[in-house]
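User: I would like to learn how to read helix packing from a model. Can we go through one together, feature by feature?

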Amino acid sequence: TRILRTGEQLKLGLQDLADMIGVDQSTLYRWRQGASSPRGMARSRLAQVVELLELLRRLFAGPDVARTWLHEATPKSLGGRDTPLDVLREGRIDRVLAVLNSLAAGG
């Protein structure tokens with residue numbers, strides 16, 4: 001799927017994506033194979049991941065720059081210690097989306 005391809009470009013593993021969505025890796029495999037589809041909270045979280053990946057694509061000049069930001073940046077608005085990827089792995093997509101939306105708005 002597009003999410004998995006984009007995740008690969010950003011050097012996000014299946015476990016990273018599973019953590020962001022709040023599901024097990026095996027669930028991602030089933031979605032990818034069409035054996036099941038996201039429901040409930042997972043569907044909502046998946047929509048947030050799609051939004052996140054779209055914002056990264058729009059804000060950064062290519063996957064290399066977006067990947068560097070995810071893996072190395074320590075924005076003050078995320079506490080100044082954790083990288084965006086650390087925060088995403090904790091399932092806090094909302095916090096990273098807020099930072100990206102602020103950047104998109106020129107903040």
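Analyst: Start with one residue. Trp31 lies in helix 3. Keep in mind that this is a predicted model.

User: Is Trp31 buried or exposed?

Analyst: The cut-off for buried is under 20% relative accessible area. Trp31 has a relative accessible area of 14%, so it is buried. Leaving out residues up to four places away in sequence, Trp31 touches Ile21, Val23, Ser36, Ser37, Pro38, Ala42 and Leu46.

User: Which residues of helix 3 are buried?

Analyst: First the general idea. An α-helix has 3.6 residues a turn, so residues three or four places apart point the same way. Now the case here. In helix 3, residues 25-33, the buried residues are Thr27, Leu28 and Trp31. They span an arc of only 100° around the axis, which puts them on the same side of helix 3. That buried set packs against helix 2 (14-21) and helix 4 (40-59). Just after helix 3 comes Gly34, with a positive phi of about 80°.

User: How do I read the pairing of helix 2 with helix 3? At what angle do their axes cross?

Analyst: Take the axes, then the residues. The axes of helix 2 and helix 3 come within 8 Å and cross at roughly 95°. That makes helix 2 roughly perpendicular to helix 3. On the helix 2 side, the contact uses Leu14, Gln15, Leu17, Ala18 and Ile21. Helix 3 meets them with Gln25, Leu28, Tyr29 and Trp31. By class, this contact of helix 2 with helix 3 has 7 nonpolar, 2 polar and no charged residues.

User: And which residues make the contact between helix 2 and helix 4?

Analyst: Again, geometry leads. The axes of helix 2 and helix 4 come within 8 Å and cross at roughly 120°. Helix 2 is therefore oblique to helix 4. Helix 2 brings Leu17, Met20 and Ile21 to the contact. Helix 4 brings Ala42, Arg45, Leu46, Val49 and Leu52. This contact of helix 2 with helix 4 divides into 7 nonpolar, no polar and 1 charged residues.

User: What about helix 1? Which of its residues are buried, and which exposed residues sit on the face turned away?

Analyst: Look for two faces. Ile3, Leu4 and Gly7 are buried in helix 1. Viewed down the axis of helix 1, these buried residues fall within an arc of 95°, so they line one face of the helix. Their cover includes helix 2, helix 3 and helix 4. The face turned away from the buried side carries the exposed residues Arg5 and Glu8.

User: What backbone feature does Lys11 show?

Analyst: Check phi. Lys11 is a residue other than glycine, yet its phi is positive, near 65°. Lys11 sits in the loop between helix 1 and helix 2. With 55% relative accessibility, Lys11 counts as exposed.

User: Which residues does Arg67 contact?

Analyst: Arg67 is found in helix 5. Setting aside neighbours within four places in sequence, Arg67 is in contact with Gln9, Leu10 and Lys11. The relative accessibility of Arg67 is 18%, so it counts as buried. As for distance, Trp31 and Arg67 are 36 residues apart along the chain, and their C-alpha atoms are separated by 24 Å.

User: Which other residues of helix 5 are buried, and where do they point?

Analyst: In helix 5, residues 63-72, Ala66, Arg67, Trp69 and Leu70 are buried. Seen down the axis, they fall within an arc of 160°, so they line one face of helix 5. What covers them includes helix 1 (2-9), helix 4, helix 6 (84-89) and helix 7 (93-104).

User: How many residues does the largest nonpolar core have?

Analyst: The general idea comes first. In soluble globular proteins, nonpolar side chains tend to be buried together. Here the largest nonpolar core has 32 residues. Met20, Leu52, Leu56 and Trp69 have the most contacts inside it. Helix 1, helix 2, helix 3, helix 4, helix 5, helix 6 and helix 7 each supply at least two residues of this core. Helix 4 gives the largest share, 7 residues.

User: Take Leu56 then. What is it in contact with?

Analyst: Neighbours within four places in sequence are left aside. Leu56 is then in contact with Leu10, Ala66, Trp69, Leu70 and Leu100. Two of these, Ala66 and Leu70, are also among the buried residues of helix 5.

Conventions
Residues numbered from 1 in each chain as written. Predicted model: local features only at pLDDT ≥ 70, side-chain atom pairs only at ≥ 80, totals over all residues. Heavy atoms only, no water. Buried < 20%, exposed > 50% of the residue type's maximum accessible area, 1.4 Å probe, protein only. Helix = DSSP H or I, 4+ residues; strand = E, 2+ residues; numbered from the N terminus. Arc of directions from axis to C-beta. Contact = heavy atoms within 4.5 Å. Axes fitted to C-alpha atoms, helices over the stretch in contact; angles between N-to-C directions. Parallel < 35°, antiparallel > 145°, perpendicular 65-115°, else oblique. Nonpolar A, V, L, I, M, F, W, Y, C, P; charged D, E, K, R; others polar. Core = buried A, V, L, I, M, F, W, Y, C linked by side-chain atoms within 4.5 Å.
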